[in-house]
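Please read each point with the model in view.

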Amino acid sequence: MDPLTLILVAVWSFIVSFFGGLVGLVLGNLRLPLVVLVGSSAAAAAGANVAISGAAALTAAYAHWRGGRLSWRLFAWMAPTSFAGAIVGGLISDALPNRVLLGVIAVIVLYGAVEVWRYRRPAGAGDVAVPSRRDLLVNAALVGFGVGVLGGVVGLILGSLRLPALVRYVGVSPYAAVGTNAAVGVVVGLGGLVGHLPGGIDWAILGVGAAAAMPAAYLGARFTGRLDEARLLQAIAAILVVSGVSMGVQAIVG
């Protein structure tokens, strides 16, 4: 692969991951079209892309943890099911029509943007409030598995799908959702990588993309704490709209 192509992958990975780190996402769907375009095959590129997303999520999660925006209890419920789902998705990635799947995910992500925009903090909830009710934590585990499967199939960690679900169906505050979503993304990225190993990985793209995405996601996550909750919700909703529209375009044009 020629150096100019790798530089392009690095630059775009940095830009995307910075804004993703800001809102607890790594926006792999915005990186995916370029990676697929320059990759050796769609499957190998998807494997590289999901691993880059996981690497970016790692540094973002570290910054969110340092900022007190990560719930380890919620992570413990979501991580195992997310990992298993991502492996399953990676293994069946060649058996499902990606364009149809991307179209469905795009609609769900856009709906999620509406839910995030409409979010209002429950009375008495803290910045990193985490539900204690067992049924809500079970919801988190189910969300982790379902989103993990979908992400493994299309080569994305799909934080843009998981984040609004955490706010809407698990009942956590936006700050806890942002940090925990990034941490779960690390596990999904690892599971997706494992699931794609039998079909091959574009290792050069993975190396260059991860090297650029990791510091960018960390820097973006450092800025999260400077936003008040209303601004954070607005930023999340706006980026979810961009993410959903991007997936819709990919579903239409292929």
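1. Position of S71. The model discussed here is predicted. The residue S71 sits in the loop that links α3 (42-66) to α4 (72-91). Its relative accessibility is 8%, and because buried means under 20%, S71 counts as buried. A polar atom of the S71 side chain lies 3.2 Å from the backbone nitrogen of L74.

2. Overall composition. The protein chain contains ten helices and zero strands. In sequence order the pattern is therefore α-α-α-α-α-α-α-α-α-α. Of the 254 residues in the protein chain, 57% are buried. The chain exposes about 10400 Å², and carbon and sulfur atoms supply 71% of that area.

3. Contacts across the sequence. Consider the contacts in the protein chain between residues at least 6 apart in sequence: 86% of them join residues at least 24 apart. S173 is found in the loop between α7 (159-170) and α8. With a relative accessible area of 1%, S173 is buried.

4. Helix α8. How far apart are the end C-alpha atoms of helix α8 (residues 174-196)? The distance is 32 Å, which agrees with the 33 Å that its 23 residues should span at 1.5 Å a residue. Because 20 of the 23 residues of α8 are buried, this helix is largely enclosed by the rest of the structure.

5. Helix α1 and its ends. Helix α1 covers residues 3-22. At 1.5 Å a residue, the 20 residues of α1 should span 28 Å, and the end C-alpha atoms are 29 Å apart, which agrees. At the N-terminal end, D2 caps the helix, with a side-chain oxygen 3.1 Å from the backbone nitrogen of L4. After α1 comes G24, whose phi is positive, near 80°.

6. Which residues of α1 are buried? They are T5, L6, V9, A10, S13, V16, S17, G20, G21 and L22. An α-helix has 3.6 residues a turn, so residues three or four places apart point the same way. On the surface, a nonpolar patch is formed by L4, I7, V11, W12, F14, I15, F19 and L219, which together have about 750 Å² of accessible area. Helix α1 gives the most to this patch, with seven residues. I15, which lies in helix α1, has a relative accessible area of 37% and is partly exposed.

7. Is H64 buried or exposed? H64 is buried, with a relative accessible area of 0%. Its place is in helix α3. Leaving aside residues up to four places away in sequence, H64 touches G21, G24, R69, L70, V178, G179, A182, A221 and T224.

Key: Residues numbered from 1 in each chain as written. Predicted model: local features only at pLDDT ≥ 70, side-chain atom pairs only at ≥ 80, totals over all residues. Heavy atoms only, no water. Helix = DSSP H or I, 4+ residues; strand = E, 2+ residues; numbered from the N terminus. Expected span 1.5 Å × (residues − 1). Buried < 20%, exposed > 50% of the residue type's maximum accessible area, 1.4 Å probe, protein only. Polar contact = N/O pair within 3.5 Å; in protein donor to acceptor, adjacent residues only side chain to side chain. Contact = heavy atoms within 4.5 Å. Areas by Shrake-Rupley, 256 points an atom, 1.4 Å probe, with all protein chains shown as cover. Patch = residues over 30% accessible without salt bridge, like charges linked within 9 Å, V, L, I, M, F, W, Y side chains within 5 Å. Salt bridge = Lys/Arg side-chain N within 4 Å of Asp/Glu carboxyl O.
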